Amino acid sequence: MKKDHDSHLNEDQLIQALVDSTAVPHSVQRHLAACPRCQAEQHRLEAALTRLGHMAKALSPSPTRSISLSVNHSPRRLWQKALVAALAAAVLVLFVSYGPVRREVQLAALNQEMDRDEQFLMEVTALSEDPLPEFWQAMALISDVGFDNAFMDFLVPSSREDVVSKNKEDAPC
Ligand SMILES: [Zn+2]
């Protein structure tokens, strides 16, 4: 025991014992429990550290917004967090389920447009193969059968040039 009293604990050991007494070796714990001098030194260190803590607290700028860790409201906070999580999940589900639906709608619109294009292309092809619609084809047939150039001249008035030349013929020179 005398040997222990001869070699007192140093500052690091005292602080370590102050922070966590179980973290220091058993010999140090035993010495501290038995040695009034080391106990006094530890109390002095503790007071100094407490003063330092108070000074640091006094000198540090106060936060602009107060931080509140309300343990009392934890059930309510938990409830709010659960609600937020549920809402987020619902939104996620909506997005996930709405995605394919929207894609289907887009696909349907695209298919419709493609059908319209195809129909239009078929009409164009039909016209390129047979440019005269049915009604005009019938008219063409009739004109081939019954109407000759004389009838067409009667139907469509002759051009001005013809009229002038006709007048010249008729006029006495
Ligand atoms: Zn000691």
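Analyst: Let us start with a definition: a residue is buried if 20 or more other C-beta atoms lie within 10 Å of its own. In this predicted model, 4% of the 173 residues of the protein count as buried.

User: Which secondary structure elements does the protein have, and in what order do they run from the N terminus on?

Analyst: The secondary structure comes to eight helices and zero strands, and the elements accordingly run α-α-α-α-α-α-α-α from the N terminus on.

User: Where is confidence lowest, and where is it highest?

Analyst: As a general idea, where pLDDT is low, the predicted coordinates should not be read in detail. Here the mean pLDDT of the protein is 78, with 76% of its residues reaching 70 or more; confidence is lowest in helix α1 (residues 2-6), at a mean of 50, and highest in helix α3 (residues 26-34), at 94. Over residues 1-5 the pLDDT is below 50, and this stretch has two contacts in the model beyond near neighbours in sequence.

User: How should I read the packing of two helices, taking α2 and α4?

Analyst: Two packed helices are described by the angle between their axes and the distance between the axes. The axes of α2 (residues 11-19) and α4 (residues 36-59) come within 10 Å and cross at roughly 70°, and these two helices are therefore roughly perpendicular to each other.

User: Which residues of α2 and α4 meet?

Analyst: On the α2 side they are Glu11, Leu14, Ile15, Ala17 and Leu18, which meet Cys38, Glu41, Gln42, Leu45 and Glu46 in α4; by class, this contact has six nonpolar, one polar and three charged residues.

Note on methods
Residues numbered from 1 in each chain as written. Predicted model: local features only at pLDDT ≥ 70, side-chain atom pairs only at ≥ 80, totals over all residues. pLDDT = per-residue confidence, 0-100. Helix = DSSP H or I, 4+ residues; strand = E, 2+ residues; numbered from the N terminus. Contact = placed C-beta atoms within 7 Å. Axes fitted to C-alpha atoms, helices over the stretch in contact; angles between N-to-C directions. Parallel < 35°, antiparallel > 145°, perpendicular 65-115°, else oblique. Nonpolar A, V, L, I, M, F, W, Y, C, P; charged D, E, K, R; others polar. Buried ≥ 20, exposed ≤ 12 C-beta atoms within 10 Å, placed from the backbone.
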